[in-house]
Amino acid sequence: MKKTIYAAFVFAALGLTSCGGGETSDAEMSENKTEESNENTEKEMPTTYKLVGDESKLGWKGTWIAPTGEDGAMEEQKNHTGTVQFTEGSLTKDGDNVTGGFTIDMTTIENTDLTEADGKPKLEGHLASEDFFNVEQFSKAKVMLNGMKDGMADITIDVMGMTMNETVPMSLTEENGAMMLTGEFDVDFSALEFGMFSPNPEKPEEGNIDPNLSFNVKAKLAE
């Protein structure tokens, strides 16, 4: 009889111990929820930066080349430089991933190396004409930043109804709630098929405009 009572006592004790180990107290549950909440808070949320227009610029350079080098190699003869304005833009940073885009007002094409007397208005009018960027029909261009890796930016350019994908060198820095995107690179615009991208068949020695246009980007963005 004593053995039976003792066995029942041991069984009950083991049962209580097992139940107590499998349950979580209110205090423990509250502590776990607090830890989960802290982990979620520590995760970096995506941040969007907006273009600061008066502190951003897009510079360009166009070059005239001719076959004056050895073996008829094309060499630079002269160039013109200028700017075109961003109208809006933004970049979103999500961890190490940065994406976004910019709109460019093609009607703001400006030459910066000539004076009025040297023919600045004539060149600007020529660039805006149907011979080149036809800004009356295509007043906007867009550049999308699809991502950046190892100092190279994957971009998509929409200009004159055409889409071009390029990978160009670009750097990105952050300071005091602001982001600065900078880069110098060339883009091959031969797909636009401007007539002056090819030599005059009757006078090929005079050369043509190099379809590889150079750009200098400095875009400031802030939260």
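Is Phe 194 buried or exposed? Phe 194 has a relative accessibility of 6% and therefore counts as buried (buried is under 20% relative accessible area, exposed over 50% and partly exposed in between, with a 1.4 Å probe and protein chains only). The views below come from a predicted model, in which local features need pLDDT of at least 70, side-chain atom pairs count only at pLDDT 80 or more, and totals for chains, interfaces and linings use all residues. Residues are numbered from 1 along each chain as its sequence is written, and side-chain values use heavy atoms, with hydrogens and water left out.

**View A. Aromatic pair of Phe 133 and Phe 194.** Six aromatic pairs are found in a search of the whole structure (rings of Phe, Tyr and Trp, the last by its six-membered ring, pair if their centres lie within 6.5 Å; planes under 30 degrees apart count as stacked, over 60 as edge-to-face and the rest as tilted). The ring centres of Phe 133 and Phe 194 are 5.3 Å apart and the planes stand at 85 degrees, so this pair is edge-to-face. Phe 133 is in the loop between helix 3 (120–128) and strand 5 (140–149), and Phe 194 is in the loop between strand 9 (178–188) and strand 10 (208–209), so the pair ties together parts 61 residues apart in sequence (helices, H or I of at least four residues, and strands, E of at least two, are DSSP runs numbered from the N terminus). Phe 133 counts as buried, at 12% relative accessibility.

**View B. Aromatic pair of Phe 185 and Phe 215.** The ring centres of Phe 185 and Phe 215 lie 6.2 Å apart with the planes at 35 degrees, so the pair is tilted. Phe 185 belongs to strand 9 and Phe 215 to strand 11 (residues 212–222), so parts 30 residues apart in sequence are tied together by the pair. Phe 185 is buried, with a relative accessible area of 11%, and Phe 215 counts as buried at 17% relative accessibility.

**View C. Aromatic cluster.** One aromatic cluster is formed by Phe 132, Phe 133, Phe 194 and Phe 197.

**View D. Positive phi at Asp 150.** Most residues other than glycine have a negative phi. Asp 150 has a positive phi, near 55 degrees. Asp 150 sits in the loop between strand 5 and strand 6 (152–159) and counts as exposed at 72% relative accessibility.

**View E. Positive phi at Asn 176.** Asn 176 is not a glycine, yet its phi is positive, about 50 degrees. The loop between strand 8 (171–175) and strand 9 holds Asn 176, and at 76% relative accessibility Asn 176 counts as exposed.
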